[in-house]
Amino acid sequence: MDNFQIETAQNVSIQQNAAGIGERILAYLIDIVIIIAYFIMMIFILEAIAVELKDQWAIMLILGLPPFLYFLLWETFWDGKTPGKATMKIKVVRLDGSRPAFSNYLIRWLLRLLDISLAFGGVAVVTILMNGRGQRLGDMAAGTTVISEKQHVKLSQTILVDIPEDYVPVYSQVTVFSDEEIRKIKTIYTDAKREGNHSVILELSKKVSSLMDVTPNEKPLHFVDRVLADYNYYTQKL
């Protein structure tokens, strides 16, 4: 998955997570299965009601409009999603992260013939892989891309810390904290340590020890480290 950052007109940086090529292919296959199922169902219905052959073609043309306009209609009226995209948790957006206008959806739909239909998706795959913003030709012309709505959490953003198998905890009082509170403590601590801001670590240590109602016998840096490790021990190792 490609991550790219753009600047809006208001000079606000937006980090976008472009949907992976595998996710887009699977979403497309799901949509194709739905379209095929629709056609099969229509054929059975026409045979069941015994429509004459000359009338069948006219009806099939009419019934063929929904699958023909499938991607355009779904994306326009369902916030950039089709059933396949929704299943894979991806959607079409403009490059600034906003919702596309109908004209944007129309342009990328019109170029689907060149991108996907005529080349069996080959042009789209190559363009997406080379583009760096998850764009096929239709997206490049429309100023859109397809992003993933899945939350990708880094290890540093979780409460997890590495502790050895024979780890011995010191502060059982850490259980007064919730996962969210420990996550905040870890975030503040990690940022302060990275920036060398010892005063923040000192204040954090005082606050944490006060909430735990303990008097640490170690330096603030080591105390907060110990609190994080102890919390992991009591909530995950037992």
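Mentor: K89 sits in the loop between α5 (83–88) and β3, where helices (H or I, at least four residues) and strands (E, at least two) are DSSP runs numbered from the N terminus. In this predicted model, local features need a pLDDT of at least 70 and side-chain atom pairs count only at pLDDT 80 or more, whereas totals for chains, interfaces and linings use all residues. Residues are numbered from 1 along each chain as its sequence is written, and side-chain values use heavy atoms, with hydrogens and water left out.

The phi of K89 is near 60 degrees, a positive value in a residue other than glycine. With a relative accessibility of 44%, K89 counts as partly exposed; buried means under 20% relative accessible area, exposed over 50%, and partly exposed in between (1.4 Å probe, protein chains only).

Strand β3 covers residues 90–94 and pairs with β4 in the antiparallel sense over five bridges; two strands pair if DSSP finds at least two bridges between them. Within this pairing, I90 stands opposite S148 of β4. Strand β4 spans residues 144–148, and five of its five residues are buried, so the strand is largely enclosed by the rest of the structure. In a regular strand the side chains alternate between the two faces of the sheet. In β4, T144, V146 and S148 point one way and T145 and I147 the other way, and all are buried.

D96 and T145 are 49 residues apart in sequence, yet their C-alpha atoms lie 9.6 Å apart in space.

The crossing of α4 and α6 is right-handed, a crossing being right-handed if the near helix is turned clockwise from the far one by less than a right angle, and left-handed if anticlockwise. F71, L72, E75 and T76 of α4 meet F102, Y105, L106, R108 and W109 of α6, contact meaning heavy atoms within 4.5 Å.

Helix α10 (residues 179–195) and helix α11 (residues 198–212) pack at an angle of about 155 degrees, with their axes 9 Å apart. This makes α10 roughly antiparallel to α11, and their crossing is left-handed. Here I185, I188, Y189, A192 and K193 of α10 meet V200, I201, L204 and V208 of α11. D213 lies in the loop between α11 and α12 (220–237), has a positive phi of about 60 degrees although it is not a glycine, and is exposed at a relative accessible area of 69%.

For the chain as a whole, there are twelve helices and four strands, and buried residues make up 36% of the 238 residues. Of the contacts with a separation of 6 or more, 64% join residues 24 or more positions apart. The average pLDDT (the predictor's confidence in each residue, from 0 to 100) is 83, and 85% of the residues score at least 70. Over residues 6–14, however, the pLDDT is below 50, and this stretch has 14 contacts in the model beyond near neighbours in sequence.

Definitions and conventions: Axes are lines fitted to C-alpha atoms, for helices over the stretch in contact, and angles run from 0 to 180 degrees between N-to-C directions. Angles under 35 degrees count as roughly parallel, over 145 as roughly antiparallel, 65 to 115 as roughly perpendicular and the rest as oblique.
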